Amino acid sequence: MEKFTELIHLFVTVFLSTFASLMVLPAVTDVTMVAVCPGQDECSLAIYLTGFQQAIIGMGTVVMLPLIGNLSDQYGRKALLTLPMTLSIIPLVILAYSRTTGFFYAYYALRTLTAMICEGSIDCLALAYVADNILERQRTSVFGILSGITTAALVCGTLAARFLSTALTFQVAALLSMLAAVYMRIFLEESLPHSENLTLPILKSGQDDHRQDDGDLPRKPMVSKKIPSIQDIISLLKSSVTFSQAAIVAFFHSLSYGGLQASIMYYLKARFHFSKNQYADLMLLVGVSGMASQLLFMPLLAPLVAEEKLLAIGLLGGIANALLYSVACSAWVPYATTIFSVFAVFIPPCLRSIVSKQIGPNEQGKAQGCISGIISLANIISPLIYSPLTALFLSEDAPFNFPGFIFVCIGFATMIAFFQSLLIRAAPPISSHKSSSNSILA
């Protein structure tokens with residue numbers, strides 16, 4: 001891995017962008033509560049607003065992520081990264097300027113619109129960038145490192161939020177988001193399976209380009225359509241049993257993870273009166289344990305343990321985490337559950353690696369976009385299920401006194417993903433080192 005340093009600029013770009021987006025998460029909850037329900041610890045309206053936003057963003061990303069991934073196969077990862085990284089700056093600037101009720105709703109509306117393009121697209125394009133340049137046998141480790149970089153950004157962002165005021169948090173996040181976009185445009189090199197396509201303007205149809213580089217690739221690059229249809233997605237899912245199984249795992253895991261995101265902050269605030277700083281401390285602990293697992297353990301385990309087994313282990317950790325939350329009776333329990341983060345962080349890189357090995361080198365962007373679109377579909381459904389349940393079981397109108405019931409439901413979705421993951425078996429990768437000449441890791 002002597003040339004691994006050539007991916008450093010991608011890692012720096014992902015780190016800065018993720019740092020900017022994640023450092024505001026603890027503050028956004030407080031800003032939402034103050035703007036919508038000032039002086040209250042419980043607020044059903046804030047929960048519903050968050051769930052509605054998550055669902056609308058999911059509807060947009062279901063369409064946009066496969067499109068962005070497909071376009072990146074034709075025009076390059078860097079060219080497509082520019083759009084989400086630029087748009088993500090706008091909502092942060094609004095709350096950096098003011099956090100009054102009027103500005104909050106302006107942020108809410110623009111965040112909803114821009115996130116339809118930004119949410120998940122940077123990760124999707126970064127994964128495709130890695131797949132362009134890394135041999136298949138090394139992808140699980142490098143995907144794990146990329147996830148570790150994201151987790152490191154979570155840790156740093158949480159630390160920053162812990163010590164910065166709310167106003168300063170949004171101001172720093174806006175500056176970092178701008179810096180990430182500028183750094184990417186200056187330093188990151190373009191990556192594309194067929195570099196000659198870079199000479200084409202991005203608005204030109206690719207219908208005339210049907211040739212293959214060496215005639216022995218399993219598929220021709222599908223560049224005649226920029227917007228993948230439902231039929232295209234279904235065809236992609238049917239191209240490999242392993243791909244289809246991974247897609248099912250991705251859906252149910254994202255369904256549970258979306259429920260966790262929609263519920264956990266309001267659950268902790270209502271149940272244990274967690275403040276912004278306490279929530280930041282919890283996220284910091286989760287981030288540190290996850291980062292240690294991804295950057296230290298996963299590169300060591302990936303060559304020794306099949307990625308299918310690592311995926312199942314990670315899902316087991318997610319089940320245990322949800323069930324322990326469901327019976328939490330004291331404020332120390334959420335901190336204890338962070339031990340399961342060591343295993344749960346195996347899930348995304350293992351899933352993405354399994355998918356990347358089932359698709360030819362000319363369709364990595366489309367494949368990663370397809371999986372990201374499925375994840376987004378789960379993010380549409382998740383708040384429709386979990387936000388009403390959270391509001392109901394945290395209120396006095398709950399049918400029975402069990403606030404943690406929401407986490408039982410989350411654990412059930414993760415359990416479905418776990419049993420499906422047991423059906424995944426290692427299959428011969430489609431591209432089988434066809435892209436080794438373009439790989440930066442010899």
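Helix H2 (residues 25–36) packs against helix H6 (residues 101–118) at an angle of about 125 degrees, with the two axes 9 Å apart. That angle makes H2 oblique to H6, and H2 passes H6 in a left-handed crossing. On the H2 side, the contact is made by Val28, Val31, Thr32, Ala35 and Val36, and H6 brings in Thr101, Phe104, Tyr105 and Tyr107. Sorted by class, the residues of this contact come out as seven nonpolar, two polar and no charged. Keep in mind that this is a predicted model.

Zooming out for a moment, the protein has 18 helices and zero strands. Buried residues make up 57% of its 442 residues. Take the contacts between residues at least 6 apart in sequence, and 84% of them join residues at least 24 apart.

The axes of helix H1 (residues 8–22) and helix H9 (residues 166–187) come within 8 Å and cross at roughly 160 degrees. An angle over 145 degrees counts as roughly antiparallel, so H1 and H9 are roughly antiparallel to each other. Their crossing is left-handed. From H1, His9, Val12, Thr13, Leu16, Ser17, Phe19 and Ala20 take part, and they meet Ala173, Leu176, Ser177, Leu179, Ala180, Tyr183, Met184 and Phe187 in H9. By class, that contact of H1 with H9 holds eleven nonpolar, four polar and no charged residues.

Then there's helix H11 (residues 241–272) with helix H18 (residues 405–421), packed at about 165 degrees with their axes 8 Å apart. That makes H11 roughly antiparallel to H18, and the crossing of these two is left-handed. The H11 residues in the contact include Gln245, Phe252, His253, Gly259 and Tyr267, while among those in H18 are Ile406, Phe407, Ala413, Ala417 and Gln420. The contact of H11 with H18 divides into 13 nonpolar, eight polar and no charged residues.

Histidine 253 is found in H11. Is histidine 253 buried or exposed? At 16% relative accessibility, histidine 253 counts as buried. Leaving out residues up to four places away in sequence, histidine 253 touches Leu315, Ile347 and Ala417.

Phenylalanine 418 sits in H18. With a relative accessible area of 13%, phenylalanine 418 is buried too. Setting aside residues up to four places away in sequence, phenylalanine 418 touches Ala312, Leu315, Leu316 and Ile319. So Leu315 turns up in the contacts of histidine 253 and in those of phenylalanine 418. Phenylalanine 418 and glycine 317 are 101 residues apart in sequence, yet their C-alpha atoms are 10.0 Å apart in space.

What about cysteines? A disulfide is a covalent bond between the sulfur atoms of two cysteines. How many disulfides does the count come to? The count comes to zero disulfides.

| Residue | Relative accessibility | Class |
|---|---|---|
| Cysteine 118 | 11% | buried |
| Phenylalanine 418 | 13% | buried |
| Histidine 253 | 16% | buried |
| Cysteine 409 | 19% | buried |

Buried here means under 20% relative accessible area, so cysteine 409, at 19%, counts as buried.

Notes. Residues numbered from 1 in each chain as written. Predicted model: local features only at pLDDT ≥ 70, side-chain atom pairs only at ≥ 80, totals over all residues. Heavy atoms only, no water. Axes fitted to C-alpha atoms, helices over the stretch in contact; angles between N-to-C directions. Helix = DSSP H or I, 4+ residues; strand = E, 2+ residues; numbered from the N terminus. Parallel < 35°, antiparallel > 145°, perpendicular 65-115°, else oblique. Left-handed = near helix turned anticlockwise from the far one by under 90°. Contact = heavy atoms within 4.5 Å. Nonpolar A, V, L, I, M, F, W, Y, C, P; charged D, E, K, R; others polar. Buried < 20%, exposed > 50% of the residue type's maximum accessible area, 1.4 Å probe, protein only. Disulfide = S-S within 2.5 Å.
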